[in-house]
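I opened my notebook to look up a few helices today. Here is what I had on the screen.

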Amino acid sequence: MSYDFLWQIALILVSTKVCGLITRRFQMPQVVGALLAGLLLGPAVFGLLPSDSEMIKQLAELGVIVIMFSAGMETDIRDLKNAGKSGFLVAMLGVLVPLFGGAGLAAWLAPTENMLQNFFIGTVLTATSVSITVEALREMGRLQSRVGNTILAAAIIDDILGIIALTIMTSLGGGGESIAIVLLKIVLFLVVCCFVYVVGLKALDWYIEHTGRKDLRRFPIAAFVVCLMMAWIAEHFFGVADITGAFAAGLMIGATKKAGYIASKFEPVQYLFLAPVFFASIGMTVVLPAMNAQIVIFSVLLVVVAVLSKWLGCGVGAKLCGFSTRECNQIGLGMVCRGEVALIVANKGAEVGLMPDALFGPVIIMVIISTILTPILLKLAYRGEDTLNLEESPLENRSEALEQLDIVTDQLLTREQEIKEKNQKN
């Protein structure tokens, strides 16, 4: 058994924190630093860490599950329902505009005899990786806001629409399930989520009531079990992204009477360990292939189309729902990130012959740039807003409460030690 994973994880934690502090000095979210750290450590730059480490991949997957689970706990189900209509329109245009924009670009600069291959490039652009956006909004204290809830609702719907688009493409290409079966699975998954929410919430509240309202460690453990099971059920039985199942579990736990206590127990392991590994792993997966001049031009234009199509598509959808121009920019930019989701879609297309090998390089470049740009552009989109919103955000208030709790705990421990020393002297 190799123990190299110990120094690899140590290097990831140190580098992500250092790079995060550096980016913070430049008024950028620390998640940008974590992404850059992974890029520096991976084969794209220094090659200090392998890009194919199965253990790091699994830790990263666990990290994104916990991130989305925590986002669910911080989201009020009533706010999410209110954002459902706007989220659907934002997600719909955020899928259609990139789909046709990517297909048009591929047909123009990388034409093939199979039109499905051109449309598959558009399908890759429909993907949205909301985990980066969630972390950036959380750092800025904007996750629990009208814009934040709309982005979360749109991302969930975008995931479902993306699955449908991918299924249509792969089915037409001769390598996927029938569309009817996929739609049935999605409907059944939503039914399961509603059932788990209603029944699970009542069961958890009943259990909490019968334990004397004490803060017990069994509550976070039970919550984590629900999170993992919902993530597994979503992916294994219904073909829906595991992070969607984790988010649904977070919504349920967030509605319980112990939501604050459970969230406080998840924060240390999330921010000290799992989240840094996840964000670094995205940069570590980057391996740039050799490209000619035509592919380089296509890569540049693909990045432009990827950013503009999500920004304009989602922004127009938000405008039609009555959002201000500033909020439309924030929503559109929040949906730009593609992350690991686009890579998963591209790999699926390669399995059925819809993703040309020559275009893998441009897709990787698009993923890197859109992932790094998203938190930076979001920061710029929020520049100049009233700082009172940040100070009054529930997330910031909870963080301050936790800091005060730590101070009180330290004081109690110090007092206990003084009493022990006094008793020993007597």
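How far apart are the end C-alpha atoms of helix H13? I noted first that this is a predicted model. H13 covers residues 293-320, and its end C-alpha atoms are 40 Å apart. At 1.5 Å a residue, its 28 residues should span 40 Å, so the two values agree. Just after H13, I found glycine 322 with a positive phi of about 95°.

Next I turned to H10, residues 218-238. With 21 residues at 1.5 Å each, this helix should span 30 Å; I got 29 Å between its end C-alpha atoms, which agrees. I then listed the buried residues of H10: Phe219, Pro220, Ala223, Cys227, Met230, Ala231, Ala234 and Phe238. Looking down the axis of H10, I saw these buried residues fall within an arc of 110°, so they line one face of the helix.

What covers that face? I found that the cover over the buried residues of H10 includes helices H3 (54-73), H9 (179-209), H11 (242-254) and H12 (259-284).

I checked the other side of H10 too, where Ile221 and His236 are exposed. For isoleucine 221, the relative accessible area is 56%; exposed means over 50%, so this residue counts as exposed. Ile221 also belongs to a nonpolar surface patch with Val225, Met229, Trp232 and Phe237. Together these residues have about 510 Å² of accessible area.

My last entry for H10 is what follows the helix: glycine 239, with a positive phi near 70°.

Note on methods. Residues are numbered from 1 along each chain as its sequence is written. This is a predicted model: local features need pLDDT of at least 70, side-chain atom pairs count only at pLDDT 80 or more; totals for chains, interfaces and linings use all residues. Side-chain values use heavy atoms; hydrogens and water are left out. Helices (H or I, at least four residues) and strands (E, at least two) are DSSP runs, numbered from the N terminus. The expected span of a helix is 1.5 Å times one less than its number of residues. Buried means under 20% relative accessible area, exposed over 50%, partly exposed in between (1.4 Å probe, protein chains only). The arc is that of the directions from the helix axis to the C-beta atoms. Contact means heavy atoms within 4.5 Å. Patches are made of residues with over 30% relative accessible area and no salt bridge: like charges are joined within 9 Å, nonpolar side chains (Val, Leu, Ile, Met, Phe, Trp, Tyr) within 5 Å. Accessible areas come from the Shrake-Rupley method with a 1.4 Å probe; for residues, only the protein chains shown count as cover. A salt bridge is a side-chain nitrogen of Lys or Arg within 4 Å of a carboxyl oxygen of Asp or Glu.
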